[in-house]
Amino acid sequence: MARRTPLLPPATLIAALLFLPGLAAAETVLDIQVELRSLEMTAGDIKAVDLVAQDAPGFQVRVSARMAEQVANLTRANIGKEARLSICGDVIARPVIQEAITSGAMVIAPVPGERMQPYLMALTGQAPCPAKN
């Protein structure tokens, strides 16, 4: 007869989940919203984040192939409309979509200097989104 492993009480299981490494990856860290449609991304959807300082400090974000397809569909269907780009719930930019973003890479700028490090940590899944002020 096979031995059964006892189930953990729900409270113990929830407490254990709160301290799992990488849990920040399940939190929405990047959101693209156009009108009523929103595309929410977690750190797990983001492949790479690079710092940029062209006209203003910000990030170049490259997303997974699955998410790149969704970004392409959203931007293709909304050319000429304003998008709202948010990191950790804070609106960073409101660009007008000029063309479909099919590369899976986008620049998000300007990012306030004091928020660069906390946002970078959240986008890469190294820490949860910073607390709101």
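**Close-up 1. The largest pocket of the predicted model has a volume of about 290 Å³.** A pocket here is an open set of points on a 1 Å grid over the protein atoms alone, where a 1.4 Å probe fits, with protein on both sides within 12 Å along at least five of seven lines. Its volume is the space filled by probe spheres set on the points, joined across faces, edges and corners. This is a predicted model: local features need pLDDT of at least 70, side-chain atom pairs count only at pLDDT 80 or more, and totals for chains, interfaces and linings use all residues. Residues are numbered from 1 along each chain as its sequence is written, and side-chain values use heavy atoms, without hydrogens and water.

**Close-up 2. The lining of the largest pocket has 16 residues.** Lining residues have an atom within 4 Å of a point. Nearest the centre lie Leu 85, Pro 95, Val 96, Ile 97 and Ile 101. Strand 5 (83–87) and strand 7 (105–108) each supply at least two lining residues. Strand 7 gives the largest share, four residues. Strands are DSSP runs (E, at least two residues), as are helices (H or I, at least four), numbered from the N terminus.

**Close-up 3. Cys 88 and Cys 129 form a disulfide.** The structure holds one such link (cysteine sulfur atoms within 2.5 Å). The two sulfur atoms are 2.2 Å apart. The link is left-handed, with -75° about the S-S bond. Cys 88 sits in the loop between strand 5 and strand 6 (90–93), Cys 129 in the segment after helix 3 (116–123), 41 residues apart.
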